[in-house]
Amino acid sequence: MLKLCALVPCYRHGALIAPVLQQLKQQGLAVVVVDDGCEGADKAALHAACAQAGVKLLQHPYNQGKGAAFMTGMQAAIAHGYTHLLQVDADGQHDLNYLPQLIAKAEQYPQAVISALQIFGPEAPKARVYGRQITNFWVMVETLSTKLKESMCGMRIYPLAATAKLASQVHIGRGMDFDIEILVRLFWQGLDVHYVKVPVHYRQDNSSNFHPLRDNLKISWLHTRLCCAMPWHLKALLGRKLASRNLQA
């Protein structure tokens, strides 16, 4: 049976998180928020929102990155006996009305990663859209598969046992490279990925934590490392591809 906990990493989005927490609580979910080094008024707004919503708040003394916040929340969820972790961004850009569809998909495929497939509106920054397309291409190369249609989304449900096992075996990026790397490596471990289409809304009062130069360099280095590591998984990937074709025949 699915025992699901929601995790919301937060850095510089304390003023935007209250509606996100409200919608998660309306779904009847336990919620863990990780304050990843918020400061000043932003920190005050985050803590006030968490107190009002009655959710568990964990704190990093300084900003350590999205992946680091995920690891902190994951360990808390495991300690409390949860089997699955729903990761949601704090800025509210994903339409959480689609959460029941993700949860239903997770109940149908409890051993798989369930991810939002982001549907962008005309207001979406073109650089972000094209950047995702480039990353998705390299992920197809690294997995020899077209199944990973979206690799940079921050709205996913992870099976905790497999994810924690992977995290104990390899170091996974702690910044903006996290979402990509953990998805590829879980796929390498044999997990399937299933998607639910979810609209994305870019708010004018929202500022992204994505640093164009630093994070694009980090992601480029990640793809280099994954491409170099992929041959070690080649036999398993080819066997998986062949088995999939035999099922379709």
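Biologist: In which loop does L144 lie?

Modeller: This is a predicted model, in which local features need pLDDT of at least 70, side-chain atom pairs count only at pLDDT 80 or more, and totals for chains, interfaces and linings use all residues. Residues are numbered from 1 along each chain as its sequence is written, and side-chain values use heavy atoms, with hydrogens and water left out. Helices (H or I, at least four residues) and strands (E, at least two) are DSSP runs numbered from the N terminus. In those terms, L144 lies in the loop between α5 and β6.

Biologist: Why does L144 count as partly exposed?

Modeller: Buried means under 20% relative accessible area, exposed means over 50%, and partly exposed is in between, with a 1.4 Å probe and protein chains only. L144 counts as partly exposed because its relative accessibility is 26%.

Biologist: What is the phi of L144, which is not a glycine?

Modeller: Most residues other than glycine have a negative phi. L144 is not a glycine, yet its phi is positive, at about 55 degrees.

Biologist: Which value does phi of R12 take?

Modeller: R12 is found in the loop between β1 (4–10) and α1 (17–26). R12 is partly exposed, with a relative accessible area of 41%. This residue is other than glycine, and its phi is positive, near 65 degrees.

Biologist: How many salt bridges does a search of the whole structure find?

Modeller: Side chains of opposite charge can pair when their charged atoms come close. A salt bridge is defined as a side-chain nitrogen of Lys or Arg within 4 Å of a carboxyl oxygen of Asp or Glu. A search of the whole structure finds seven.

Biologist: How many residues apart in sequence are the parts that K66 and D179 tie together?

Modeller: The side chains of K66 and D179 meet in a salt bridge, with N to O at 2.6 Å. K66 lies in helix α3 (residues 66–79) and D179 in helix α7 (residues 178–188), so the pair ties together parts whose separation in sequence is 113 residues.

Biologist: Are K66 and D179 buried or exposed?

Modeller: K66 is linked with D89 and D179 in a network of salt bridges. As for accessibility, K66 and D179 are both buried.

Biologist: Where do R132 and E150 lie?

Modeller: R132 forms a salt bridge with E150, and their closest N and O atoms are 3.9 Å apart. The pair ties together parts that are 18 residues apart in sequence, because R132 lies in helix α5 and E150 in the loop between α5 and β6 (156–159). R132 and E150 are buried.

Biologist: In which helix do E181 and R185 both lie?

Modeller: The side chains of E181 and R185 meet in a salt bridge, at 2.9 Å from N to O. Both residues are buried. They are four residues apart, about one turn of the helix, and that helix is α7.

Biologist: Which residues make the nonpolar surface patch of about 380 Å²?

Modeller: Patches are made of residues with over 30% relative accessible area and no salt bridge; like charges are joined within 9 Å, and nonpolar side chains (Val, Leu, Ile, Met, Phe, Trp, Tyr) within 5 Å. Accessible areas come from the Shrake-Rupley method with a 1.4 Å probe, and for residues only the protein chains shown count as cover. W138, found in helix α5 (residues 126–143), is partly exposed at a relative accessible area of 35%. The patch is made by I134, F137, W138 and M140.

Biologist: Which helices each supply at least two residues of the lining of the second largest pocket?

Modeller: The second largest pocket has a volume of about 330 Å³. Of its 17 lining residues, those closest to its centre are G131, T135, F210, N216 and I219. A pocket here is an open set of points on a 1 Å grid over the protein atoms alone, where a 1.4 Å probe fits, with protein on both sides within 12 Å along at least five of seven lines; lining residues have an atom within 4 Å of a point. Grid points are joined across faces, edges and corners, and a volume is the space filled by probe spheres set on the points, while the helices asked for are α5 and α8 (212–229).
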